[in-house]
Amino acid sequence: MEQQTVFERIYAVVRRIPAGKVASYGQVAWLAGNPRWARVVGYALHRNPDPDTIPCHRVVTKDGRVAPGFAFGGAQIQIQLLEQEGIGFSDGRVIMSRYQWQCTPDQLK
């Protein structure tokens, strides 16, 4: 069986985030196998090779802030994409208590 790279593991998790939900960078890192990879998640998403199937706009900070340097059009585009999926904001941040994806590593198997 072929071993996945770190980026492939991250992309596999991000592909599973359903429309209308978000995950934090740290949450994606944890689900991909290492809770210390939060910055690696950001780097991987900035280099996203296929934004049509890897919905990096669904990844935000743990307190619901969008990426100021969202690689595919800036923060306003990320907000627009999330709002189009029905995700709500309060004071410029995603309402994490309502829209955060609830998933465990066991559920990804």
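Tyr99 is buried, at a relative accessible area of 11%; buried here means under 20% relative accessible area, exposed over 50%, and partly exposed in between, with a 1.4 Å probe and protein chains only. The model is predicted, so local features need pLDDT of at least 70 and side-chain atom pairs count only at pLDDT 80 or more, while totals for chains, interfaces and linings use all residues. Residues are numbered from 1 along each chain as its sequence is written, and side-chain values use heavy atoms, with hydrogens and water left out.

- Helix α5, residues 96-99, contains Tyr99.

**Fold and dimensions**

- Five helices and four strands make up the elements of the protein chain; these are DSSP runs numbered from the N terminus, helices being H or I with at least four residues and strands E with at least two.
- Read from the N terminus, the order is α-β-α-α-β-α-β-β-α.
- The protein chain is as compact as a globular protein of its length, because its radius of gyration of 13 Å is close to the 13 Å that the globule rule gives for 109 residues. The radius is taken over C-alpha atoms, and the rule is 2.2 Å times the number of residues to the power 0.38.
- The C-alpha trace spans about 45 × 25 × 25 Å along its principal axes.
- Of the contacts in the protein chain with a separation of 6 or more, 63% are between residues 24 or more positions apart.

**Surface and charge**

- Of the 109 residues in the protein chain, 40% are buried.
- Carbon and sulfur atoms account for 49% of the accessible surface, which comes to about 6,600 Å²; areas come from the Shrake-Rupley method with a 1.4 Å probe, and for residues only the protein chains shown count as cover.
- The 13 positive and 9 negative charges have mean positions 7 Å apart. Lys and Arg count as positive and Asp and Glu as negative, without His and the chain ends; each charge is placed at NZ of Lys, CZ of Arg, CG of Asp or CD of Glu.

**Cysteines**

- The whole structure has zero disulfides, a disulfide being a pair of cysteine sulfur atoms within 2.5 Å.
- For Cys103, the closest cysteine sulfur is that of Cys56, 18 Å away and therefore too far for a bond.
- Cys56 is buried at 6% relative accessibility, and Cys103 is buried at 11%.

Technical notes. Contact = heavy atoms within 4.5 Å.
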